[in-house]
Amino acid sequence: QASTKGKSEMEVWLVHPPPRRAIKARPLESVDALKRRAELVVGYVLGSTDLALAESGGGKLDGRLALEEAGVAGGCEIRLVLKVPWSLWEEGSHQKAAMVVATDLLRCSPGCNEDGVWAGMKFSEDGSMVSWDLSEKLLESLPDSFGSIRCTGHLSLHSNHLGTLPDSFTALQVGGDLFLEYTHLSALPESFGRLRVGGTLGLGYNALSTLPAGIGGLE
């Protein structure tokens, strides 16, 4: 890690979300100032991100500190920690919310089909999510934020190697069909019956030996 002493400008690296990008910074500027620049480099500002050192194990940096006080030095790798405010879906900001969920997906499945994850999103003219095709995208797990999704049409996850679903998955609201076939599921969350699916729920071709007691109450 390079020292900042005596330097008026330095270069740090934004490593998440990918790809890796260089950002110019000054040792005495605030963490918040660098965070705003990182958000602009990525291309969106949600007001719901934190900044962390890539090797810190998830601890966010205090936005009020100067970079050198926070331990950010030239050559450091930093990352945006993206949080999904569930209210974004409720207030209709579906594109912003989906962007964060997609970034979380890429983090959980680094070997997935990244282009396909982004290309599978469909939105209506008013900005609401119509559908998301995530089938055959080499997904290995789903982030907790996935349960925040609200879509009026279909949501497809079939033919991925998921194995399990996060507990938050049961908060999904899908107006059309939900496809979970060929996802190597061996168990479902106990609260699976709380799911709101307007069309068909596809669970075939998995390794499910039992179903949760409340699954009959699916809407």
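Predicted model: local features only at pLDDT ≥ 70, side-chain atom pairs only at ≥ 80, totals over all residues.
1. Strand 8 (residues 155-156) and strand 10 (residues 178-179) run parallel, joined by two bridges. S156 has F179 of strand 10 as its bridge partner.

2. Another open sheet has three strands in the order 7-9-11. Its pairing is parallel. The edges are strand 7 (150-151) and strand 11 (196-197). Each of these edge strands has a single partner strand, so one side of each lacks a neighbour in the sheet. Two bridges connect strand 9 (residues 173-174) with strand 11. V174 has V197 of strand 11 as its bridge partner.

3. Largest nonpolar core. This core holds 35 residues. W132, F146 and F169 have the most contacts inside it. Helix 3 (87-90), helix 4 (94-108) and strand 6 (129-133) each supply at least two residues of the core. Helix 4 gives the largest share, six residues. In general, nonpolar side chains tend to be buried together in soluble globular proteins.

4. Contacts of F169. Which residues does F169 touch, not counting those up to four places away in sequence? They are L142, F146, G147, L157, L178, L180, F192 and L195.

5. Salt bridge E77 to R20. The structure holds five salt bridges. In one of them, the side chains of E77 and R20 meet at 3.1 Å, N to O. The pair links distant parts of the chain, 57 residues apart. E77 lies in strand 4 (residues 77-82), and R20 in the loop between strand 1 (10-16) and strand 2 (21-25). E77 is partly exposed, with a relative accessible area of 31%. R20 is also partly exposed, at 47%.

6. Salt bridge E29 to R37. Here the N to O distance is 2.9 Å. Is E29 buried or exposed? E29 has 7% relative accessibility, so it counts as buried. R37 is partly exposed, with a relative accessible area of 27%.

7. Salt bridge D62 to R64. These side chains meet at 3.0 Å, N to O. D62 is partly exposed, with a relative accessible area of 30%. R64 counts as exposed, at 72% relative accessibility.

Conventions
Residues numbered from 1 in each chain as written. Heavy atoms only, no water. Core = buried A, V, L, I, M, F, W, Y, C linked by side-chain atoms within 4.5 Å. Buried < 20%, exposed > 50% of the residue type's maximum accessible area, 1.4 Å probe, protein only. Helix = DSSP H or I, 4+ residues; strand = E, 2+ residues; numbered from the N terminus. Contact = heavy atoms within 4.5 Å. Pairing = 2+ DSSP bridges. Salt bridge = Lys/Arg side-chain N within 4 Å of Asp/Glu carboxyl O.
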